Amino acid sequence: MSSQSPKKVLVVAGIGNGSGTGGSTARIFSKQGYSIALIARSPEQLKSLADEIKVSGGEVETFHIDAYTHEAFSTAWSTMRRRFPKPQYTIHAALYNASGSHNLWKPFLEVSPEDLEGSLSVSVVGAFAFASEAIKEFKANEIEEHGKRGTLLFTGATASLRGNMLTSAFAAGKFGTRALAQSLAKEFGKENIHVAHAIIDGSILTDRRKARQGRSANWETNEDVRLNPDSIANAYWYLVNQDRSAWTWELDLRPAHEKW
């Protein structure tokens, strides 16, 4: 394999139950020939998505972490570098898709210190740790055909740009992720490392969303009112393949009938 071009690797942190943005991105990049590295806190969901990718003919490795900490990400990336060694592989793209949104939508006076710490640990501390490992890896890469050493992507939300009722803790974390991504884009663009942030403005069609009360069959089938995770993944594929003469720093995605 050493006589061939290195095989590109996509790293995805945060896959939920595999039915959302992280899972779709892994599947689409795998179909395009990338090897996939999955990082998540659920061993069961890691195995389920990895098995699915393998059945489709893809190459995938999983890395379980207990929390989104510097130590956990450092260990995961160290193991990943051994699983995908140079020069056979090059870690070319990384997506930070972890979300601290579970049980955070509540009135301000009901937000506990643990709620806030949980949001910041995922959206700020975890994002910093993941980005640090990705940037160090990209700096060692050669510049490829699109004029870049690597692409680092962050999944954001409406709350990345504005707070609202019930989103004080969630928005605090998402504002932090966006500020980090913008800072990295400005600092490392001159080294041909592309950093981009995506605002996902609307509800995504996932198993969890479909299971919630009030989601009608029309909502599931009507692409005017909700986001398809495969469409988000296709947008990420577009970002990774942009050439250096015209890079996107921030992309916002919403369904046609979303109010904004």
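View 1. R83 is found in helix α3 (helices, H or I with at least four residues, and strands, E with at least two, are DSSP runs numbered from the N terminus). The model is predicted: local features need pLDDT of at least 70 and side-chain atom pairs count only at pLDDT 80 or more, while totals for chains, interfaces and linings use all residues. Residues are numbered from 1 along each chain as its sequence is written, and side-chain values use heavy atoms, with hydrogens and water left out. R83 is partly exposed, with a relative accessible area of 38% (buried means under 20% relative accessible area, exposed over 50%, partly exposed in between, with a 1.4 Å probe and protein chains only). Leaving aside neighbours within four places in sequence, R83 is in contact with E61, T62, F63 and Y89 (contact means heavy atoms within 4.5 Å). With E61, the side chain of R83 makes a side-chain to side-chain polar contact of 2.8 Å (a pair of N or O atoms within 3.5 Å; within protein, one must be able to donate a hydrogen and the other to accept it, and residues adjacent in sequence count only if both atoms are side-chain atoms). R83 and A37 are 46 residues apart in sequence, and their C-alpha atoms are 9.3 Å apart in space.

**View 2. Packing of α3 on α4.** Helix α3 (residues 70-83) and helix α4 (residues 113-139) pack at an angle of about 30°, with axes 9 Å apart (axes are lines fitted to C-alpha atoms, for helices over the stretch in contact, and angles run from 0 to 180 degrees between N-to-C directions). The two helices, α3 and α4, are therefore roughly parallel to each other (angles under 35 degrees count as roughly parallel, over 145 as roughly antiparallel, 65 to 115 as roughly perpendicular and the rest as oblique). From α3, the residues H70, F73, S74, W77 and R81 meet V125, G126, F128, A129, F130, E133, A134 and E137 in α4. The residues of this contact of α3 with α4 divide into 7 nonpolar, 3 polar and 3 charged (Ala, Val, Leu, Ile, Met, Phe, Trp, Tyr, Cys and Pro count as nonpolar, Asp, Glu, Lys and Arg as charged, and the others, Gly among them, as polar).

**View 3. Helix α1 and its cover.** In α1, 10 of the 11 residues are buried, so the helix is mostly covered. Elements covering the buried residues of α1 include β1 (7-13), β2 (35-40), α2, β4 (89-96), β5 (150-157) and α8 (229-240). Just after α1, G33 takes a positive phi of about 105°.

**View 4. Packing of α1 on α2.** Helix α1 (residues 21-31) and helix α2 (residues 43-55) pack at about 20°, with their axes 10 Å apart. The helices α1 and α2 are therefore roughly parallel to each other. G23, A26, R27 and S30 in α1 meet L49, E52 and I53 in α2. By class, the contact of α1 with α2 has 3 nonpolar, 2 polar and 2 charged residues.

**View 5. Crossing of α1 and α8.** The axes of α1 and α8 come within 8 Å and cross at roughly 55°. That makes α1 oblique to α8. T21, S24, T25, I28 and F29 in α1 meet P229, D230, I232, A233, N234, Y236, W237 and V240 in α8. The contact of α1 with α8 has 8 nonpolar, 4 polar and 1 charged residues.

**View 6. K106 in the loop between β4 and α4.** K106 is found in the loop between β4 and α4. The side chain of K106 makes a polar contact with the side chain of D115 (3.0 Å). Leaving aside neighbours within four places in sequence, K106 is in contact with V111, D115 and L166.
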